[in-house]
Amino acid sequence: MAEEFNTESMLDMFLYESGQLLEKLEGIILEKQDADCFDDADINEIFRVMHTIKGSSGVLMYDNITKVTHKLEDVFYYLRESHPDDVPHMELVEHVLAVSDFVTGELDKLKNGEQPDGDEKQLVEDLDEFLGRLKGEITKQGIQMPQANKHVEPTQFYITPVAGDDSHFYRISIHYRSDTQMSNLRAYSATYALKEVAEDLLYTPDDILSNEASADVIVAEGFHMLLQTKSSKEEVIALIDSSEAEEINFDELTKEEYGNALGEFGREQVILEPAPAEKAKADAKPEKKEAPKPGDYVVKTKEAGKGKTLAKNQPKQQSIISVNVEKMDALMDLIGELVIAEAVVLQNPDLKVPGLELSNFQKASGQLSKITTELQEVIMSMRMMPLTNVFQKMRRIVFDVSRKLGKDIELEVVGENTEVDKNIIEHITDPLMHLVRNSVDHGIEENSEDRTSIGKPAKGKITLEAKNEGGKVYISVKDDGKGLNKEKLYQKALEKGVIENKPMSEFTDKEIFRFITLPGFSTKEEVTEYSGRGVGMDVVVKNIQSISGRLDINSVEFEGSEMTLVIPLTLAIINGIVVQVGNSPFVIETASIKEFVRVGEDSLIHEPSGEEYIVLRGECYPFIRLNEKYDLPDSVHKIEEGIVVVLEHEGSQVCVLIDKLLQEQEIVVKPIPPYVKKVKGLSGCTQLGDGSIALILDIAGLLMHDGERR
Amino acid sequence: MAEELLKNEETEQDELLEDDSQKGKFMTFQTGKEFFGISISYVNEIIAMQPIAAIPEVEDYVKGLINLRGKIIPVIDVRVRFKMEPCEYTDRTCIIVIDVKSTTIGLIVEKIAEVDTIMDDSIMPPPSLGRKEHEHNKYVYGLARTGDGVKLLIDPEKLIKQDDIEAVVEDARKEEQS
């Protein structure tokens with residue numbers, strides 16, 4: 001156990017584990033936020049989460065975390081043991097979230113290499129007060145309840161966990177050598193070790209972690225423990241780190257002696273582990289137990305006699321390992337290379353000798369191709385992650401904001417298992433957060449009367465939906481609130497001068513809705529904590545565009561609005577058309593190509609400045625000759641011999657002259673090495689099937705460059 | 001970026017000190033009539049000439065990109081970099097792949113010569129006649145006398161960086177401003 005004090009190696013583990021546990025915790029809380037109470041399974045789960053974090057933070061000596069989690073653990077211990085009836089659920093939820101936020105904050109500090117120095121006092125006091133109140137209420141009703149907290153009443157009861165027939169009782173006293181440093185920590189490590197096998201464990205002095213002075217007490221008077229366990233004497237002794245101990249007294253007690261001895265420790269802090277038998281009993285209690293919903297976290301019932309797993313709480317998804325993204329990228333590169341090497345082998349010119357009997361070779365090569373294709377698919381899917389975590393955050397936001405604003409809002413989540421590329425998840429979290437916040441703040445009506453008066457249910461509803469369709473992911477935030485007022489938007493746009501004095505009828509609904517994405521545009525009269533400053537929607541749109549997605553807005557006044565993010569499934573692979581100019585291949589993203597046309601000299605308009613335009617069906621487009629722009633030799637100069645590609649980006653078009661089309665293929669986008677200076681109009685490069693490199697045209701860059709020239 | 005580069009420099013020097021077997025070893029190659037040497041600790045590998053994808057609108061000595069087993073790296077033509085007349089690529093033309101400050105770059109050289117051991121004491125600073133001359137030789141940090149003549153020792157960091165990186169940083173700054 002002593003090596004656990006080696007904090008360096010422990011810290012990573014602690015951060016990872018605690019992070020996972022907190023996520024899980026928040027999941028449970030938000031799942032049940034609207035329920036009247038937590039069911040037994042949840043209470044157990046929260047209790048265990050708190051207990052685990054408490055334990056590991058204690059080992060690492062992050063006292064504030066330990067104290068806070070310990071307090072909350074007490075609360076849930078009480079809930080679990082006593083099943084009080086009138087628990088103010090909302091208040092409880094808030095307390096849990098407060099603790100979760102606190103610990104998350106401290107973990108973040110640790111991650112940044114700082115010390116966790118958050119002040120836990122307020123939280124602890126709040127929790128104390130809350131727990132006190134819980135107990136107070138119940139005491140008033142005259143029911144005697146077990147108590148776990150020494151800070152409350154001196155007349156507390158202590159209920160021994162049900163002792164099985166095979167339980168043993170020990171009194172252990174450790175006397176450390178007088179020069180022992182930090183004997184309180186040694187004592188703690190002993191209790192920590194014993195907790196794993198303990199059904200019940202009491203010790204004195206009890207404040208070994210929080211009180212530095214306890215070290216002196218331990219050295220002077222020894223450290224005394226009372227243990228109830230199923231383990232044998234030898235096993236228990238083996239668990240105690242005896243390196244600095246001068247003397248360890250180990251007495252086996254009978255059950256009666258143990259009961260008497262409890263008196264000595266009775267007023268001391270109690271650390272409890274659920275004994276298997278008791279745990280089963282608690283689980284079996286039908287009281288208030290809700291039917292598990294899909295997605296509920298399943299609490300594994302421990303097998304009897306397997307006390308060892310108590311302190312080790314497994315994260316929900318245990319079959320996941322985290323891999324460095326760089327390694328994944330390297331793997332992806334290698335697989336890409338493998339595919340190319342395969343093509344080189346299979347299409348080797350040596351095979352084209354006439355008269356070669358190749359049927360066996362063909363069979364084998366077919367097999368090889370199958371495997372490489374599959375390999376490619378697997379690596380692609382490895383980068384995909386479900387949206388579950390992102391949606392989880394949204395639940396939290398809806399919860400927080402709706403509470404603060406005093407609105408009653410229900411959040412429905414559909415399709416949270418939709419998978420998207422990891423990069424994209426990172427990019428959509430903030431925009432989505434903003435949209436959700438907007439819906440809660442602006443979308444849903446201020447007063448429930450406003451809703452009921454027009455025949456809507458009093459409770460507002462926000463639907464968060466994700467689906468995967470045709471290579472794109474649609475994530476929509478839908479509310480059944482007041483919707484967007486077109487008239488108001490139009491007037492505001494006029495005021496701001498973003499539109500010239502065109503009548504409203506000249507705009508389509510979509511165009512009017514799009515006004516809200518303009519910078520500085522807010523029809524909300526007051527600025528609130530959450531929104532109304534008019535910054536945000538434009539940022540949302542910008543963020544979404546940076547991952548080549550778009551935002552669709554749909555709204556019916558008085559019925560609600562729907563904001564839909566349409567984003568590509570993955571950024572790493574795009575569908576492209578390979579074209580050739582001179583000797584160089586280029587790739588154009590298929591999505592931005594409007595059409596290919598062959599035009600004659602007569603549709604060209606020459607400006608005296610040298611600019612050229614193309615007239616297509618009466619519309620005039622700017623025209624770029626790639627060969628001239630990039631100075632590529634050996635290319636087509638006559639417009640009749642080449643092909644004109646009409647490209648579109650965000651509503652503006654440009655025509656580009658190329659020599660010929662080569663093929664359409666899925667390409668893996670790679671950045672141009674940073675050593676090469678950035679060229680406008682090129683966004684990256686890729687490998688083609690034959691191993692050669694093609695540059696990817698960046699339509700936005702082409703348009704920009706063109707604009708600058710003019 | 002600058003910080004990153006500095007950090008890398010440190011680690012690279014550490015490696016240099018650690019790896020005694022590479023000390024004093026230089027990869028020599030011929031470009032034009034002269035022989036050049038480059039410390040072997042920079043050299044990753046030597047590959048045969050490959051098809052190069054040209055990039056438009058870049059410096060003339062940046063020949064383009066090659067595909068090094070899935071990794072796309074830029075290649076520069078040492079001849080052009082030394083402001084010599086470019087020459088045809090032949091069978092003897094090679095690409096030396098070097099790692100400098102975490103950037104992988106290919107150097108196109110006419111002919112690989114050999115790996116030479118050159119002791120520190122046989123390296124002398126290049127004689128400088130005037131400022132102009134000195135400036136021209138800035139990638140050459142020393143002359144080494146070996147059995148069959150004089151070799152010009154190149155500092156690859158200067159060869160590929162210095163003005164280039166400065167230009168990139170400058171560009172980035174301009175872009176930020178605009």
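The secondary structure of chain B comes to five helices and eleven strands, where helices (H or I, at least four residues) and strands (E, at least two) are DSSP runs, numbered from the N terminus. This is a predicted model, in which local features need pLDDT of at least 70 and side-chain atom pairs count only at pLDDT 80 or more, while totals for chains, interfaces and linings use all residues. Residues are numbered from 1 along each chain as its sequence is written, chains are lettered from A and ligands numbered from 1 in the order in which they are written, and side-chain values use heavy atoms, with hydrogens and water left out.

Chain A has 20 helices and 23 strands. Of its 710 residues, 49% count as buried; buried means under 20% relative accessible area, exposed over 50%, and partly exposed in between (1.4 Å probe, protein chains only). In chain B, buried residues make up 43% of the 178 residues. A contact means heavy atoms within 4.5 Å. Among contacts between residues at least 6 apart in sequence, 71% in chain A join residues at least 24 apart. For chain B, the share of such contacts that join residues at least 24 apart is 55%.

### Where the chains meet

The contact takes 25 residues from chain B and 21 residues from chain A. The area buried between chain B and chain A is about 2000 Å², and carbon and sulfur atoms give 70% of that area. Buried area here is the accessible area (1.4 Å probe) that two parts lose on being put together, summed over both. On the chain B side, Pro56(B), Glu57(B) and Ile72(B) lose the most area to chain A, together 29% of what that side buries.

The elements of chain B that give two or more residues to the side touching chain A are strand E4 (62-68), strand E5 (71-77), strand E7 (103-109) and helix H5 (163-177). The residues of that side divide into 16 nonpolar, three polar and six charged. In this grouping, Ala, Val, Leu, Ile, Met, Phe, Trp, Tyr, Cys and Pro count as nonpolar, Asp, Glu, Lys and Arg as charged, and the others, Gly among them, as polar.

Zero salt bridges are counted between chain B and chain A; a salt bridge is a side-chain nitrogen of Lys or Arg within 4 Å of a carboxyl oxygen of Asp or Glu.

### Strands of chain B

Two strands pair if DSSP finds at least two bridges between them. E4(B) and E5(B) run antiparallel and are joined by six bridges, with Gly64(B) opposite Val75(B) in E5(B). The two strands form a hairpin with two residues between them, and Arg69(B) in the turn has a positive phi of about 45°. Six of the seven residues of E4(B) are buried, so this strand is largely enclosed by the rest of the structure.

Chain B also has an open sheet of six strands in the order E8-E1-E2-E11-E10-E9, with mixed pairing. Its edge strands are E8 (111-117) and E9 (123-124), each of which pairs on one side only. Strand E1 (residues 25-31) of chain B pairs with E8(B) in the antiparallel sense over five bridges, and Lys25(B) stands opposite Thr117(B) in E8(B).

Over all chains, the count comes to 20 salt bridges.

Asp480(A), in the loop between strand E10 (472-479) and helix H16 (486-496) of chain A, and Arg451(A), in helix H15 (residues 448-452), are 29 residues apart and link distant parts of the chain. Asp480(A) counts as buried at 19% relative accessibility, and Arg451(A) is buried at 1%.

Both Arg396(A) and Glu26(A) are buried. Glu26(A), Asp101(A), Arg396(A) and Asp400(A) are linked in a network of salt bridges.

Glu45(A) and Arg48(A) both lie in helix H2 (residues 40-59) of chain A, three residues apart, about one turn of the helix. Glu45(A) is buried, with a relative accessible area of 3%, and Arg48(A) is buried with 15%.
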